[in-house]
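Me: I am new to this structure and would like to learn how to read it. Please take the features one at a time.

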Amino acid sequence: MSNQKVVVIGGGITGLTVAYYLQKEAKEKGLDITCTLLEASHRLGGKVQTVERDGFVIEKGPDSFLARKTSASRLVNEVGLGDKLVNNTAGKSYVLAGGKLHPMPGGSIMGIPTQIGPFITTGLFTPMGKLRAAMDFVLPRTPAEGDQSLGRFFRRRLGDEVVENLIEPLLSGIYAGDIDQLSLMSTFPQFYQVEQKYRSLIVGMKQTTPPKPKQNAKSAPKGQFLTVTTGLQSFIDAIEAKLEPGTVFKGIKVEGIEKHNHQYTIKLSNGEEMTADSVVVATPHHVTQSIFNQYSFFDSFKDMPSTSVATVAMAFPEEAIKKDIDGTGFVVSRNNDYIITAVTWTHKKWPHTTPKGKVLLRCYVGKAGDEAIVDQSDQEITKVVLDDLNKTMNITDQPEFSIVTRWKDAMPQYTVGHKERVEYVKRNVTEHLPGVFLAGSSYEGLGLPDCIDQGEAAVKKVLEYMKINTPVLV
């Protein structure tokens, strides 16, 4: 059997996962496969970036991943960082609505109430808003009609107040999107499934949510997220260190791909070409479309929007915060005159990130339909963020330092019909470009574990394809 070549395009967490597990499989099973990773920029990791400064560990992109999605922690362990894994501190979180901070109602799952007491006593909703939400107990199931927006689904079940003051700031924050445009079936299909089974969304979420494990009274309660104490960039670096020497090429952009019989010719920005028997494309959807622009079935990716966001990390001495708040952060409902969309009190949520006597705040700006702030200068963004923070926290000093990170067109929007669009493209890829596989945050989930899952699935597909295309030796 002759050596088979796999080229992975895109060195974010998805592409790194593919390269790592494919090389591991080849080594452990003695497969004659060479896997090469191409990255257009001069670093790997995509949106995962960590800055270490003056004893602070500051994430410029994602800061953690859900512990219950085990593929990420498994990969962390595989590359030797298992002893660095740590849960977040589970402190109070808040919703900023009507100009005031309201504690997140106890027992709410992604904004859906599962305990009546905290829901009745919260000041987040008017008595009429609470009554409207209670209609969930008597409303019939949503008629089966294909995809719909998250907003439409939740407004029907729980009413506008609960959606706008609780569900929208939580869910749209994950995608930096518009809840009335985001696809229910591509983001949270489990809510639809629960409603279809139990009729009432509230009853269904209560029935299907496992009880919280009992916490040791002496230790701080653990949260549902994990990170590594050395910063997520160290996770990226550890994966890269495990890859075969000479198989990673940075600063090389893929200009196009052409099919020739059972192989692919990859045209590179340095004027060279590379051949491959199989290609995994782990780039953002608009980049993927440009690579395959000769195939019209990729054109539907042109209609898939992406949102620009920015994060602002600010370091202070403890005494600069004149009005501290007992909690780990808050999200902002749209019914406020605020530019920030969320704030994490990182020094409380992730104590390992911040030196003793210091405070680290991480603020988020930019959302679908309101992205102009991202294009402002660092100074202007920092000033706007400080003005917003001072409405709740009374910060008297300028930060010791601030780090503004812009993510232009970085958040793919899973709008209504997303699943069908992606399936259409992938079906055509299978038919017209056998051996080419798409994976990454543009398709089936934005979080690190979602991207790792897609990377692992792509490895299986590549190996199955290779088996099909392995010549039988007589």
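Reply: Start where a helix ends. Helices and strands here are DSSP runs (H or I of at least four residues for helices, E of at least two for strands), numbered from the N terminus. Helix α1 is followed by G30, whose phi is positive, near 65 degrees. As for the ground rules, residues are numbered from 1 along each chain as its sequence is written, and side-chain values use heavy atoms, with hydrogens and water left out. This is a predicted model, in which local features need pLDDT of at least 70 and side-chain atom pairs count only at pLDDT 80 or more, while totals for chains, interfaces and linings use all residues.

Me: What span should helix α1 have, and how far apart are its end C-alpha atoms?

Reply: The expected span of a helix is 1.5 Å times one less than its number of residues. Helix α1 covers residues 13-29, 17 residues, so it should span 24 Å. Its end C-alpha atoms are 24 Å apart, which agrees.

Me: How many residues of α1 are buried?

Reply: Buried means under 20% relative accessible area, exposed means over 50%, and partly exposed lies in between (1.4 Å probe, protein chains only). Twelve of the 17 residues of α1 are buried, so the helix is mostly covered. Among them are I13, G15, L16, Y20 and A26.

Me: What covers the buried residues of α1?

Reply: Look for contacts, meaning heavy atoms within 4.5 Å. The cover includes strands β1 (4-9), β2 (33-39) and β16 (278-281), and also helices α2 (71-78), α10 (232-242) and α15 (448-468).

Me: Which residues does V280 touch?

Reply: V280 sits in strand β16. Its relative accessibility is 0%, so V280 counts as buried. Leaving out residues up to four places away in sequence, V280 touches V7, V8, I9, V18, F437, A458 and V462.

Me: Which residues of the largest nonpolar core touch the most other members?

Reply: A nonpolar core is a set of buried Ala, Val, Leu, Ile, Met, Phe, Trp, Tyr and Cys residues joined through side-chain atoms within 4.5 Å. The largest one has 41 residues, and I13, L75, F235 and I239 touch the most other members. β1, α1, β2, α2, β11 (222-228), α10 and α15 each supply at least two residues of this core. The most come from α15, with nine residues. Another core, of 31 residues, lies apart from it and has I112, A133, L166 and Y192 among its members.

Me: Which residues does I239 touch?

Reply: Not counting residues up to four places away in sequence, I239 touches I13, L16, Y20, L75 and V79.

Me: How many disulfides does the structure hold?

Reply: A disulfide is a pair of cysteine sulfur atoms within 2.5 Å. The structure holds zero. Take C35: the closest cysteine sulfur is in C451, 17 Å away, which is too far for a bond. C35 is buried, at 4% relative accessibility.

Me: In what order do the strands of the seven-stranded open sheet lie?

Reply: Strands of a sheet pair through backbone hydrogen bonds, either parallel or antiparallel. Two strands count as paired if DSSP finds at least two bridges between them. The order here is β8-β7-β18-β19-β20-β17-β21, with mixed pairing. β8 (100-103) and β21 (401-412) are the edge strands, each pairing on one side only. From one strand to the next, the twist averages 20 degrees.

Me: How many bridges join β18 to β19?

Reply: Three bridges join β18 (residues 329-332) to β19 (residues 340-345), and the two run antiparallel. F330 stands opposite V343 in β19.

Me: Which strands does helix α6 lie across?

Reply: For angles, axes are lines fitted to C-alpha atoms, for helices over the stretch in contact, and the angle runs from 0 to 180 degrees between N-to-C directions. Helix α6 (residues 160-175) lies across β7 (93-97), β18 and β21, and runs at about 110 degrees to β7.
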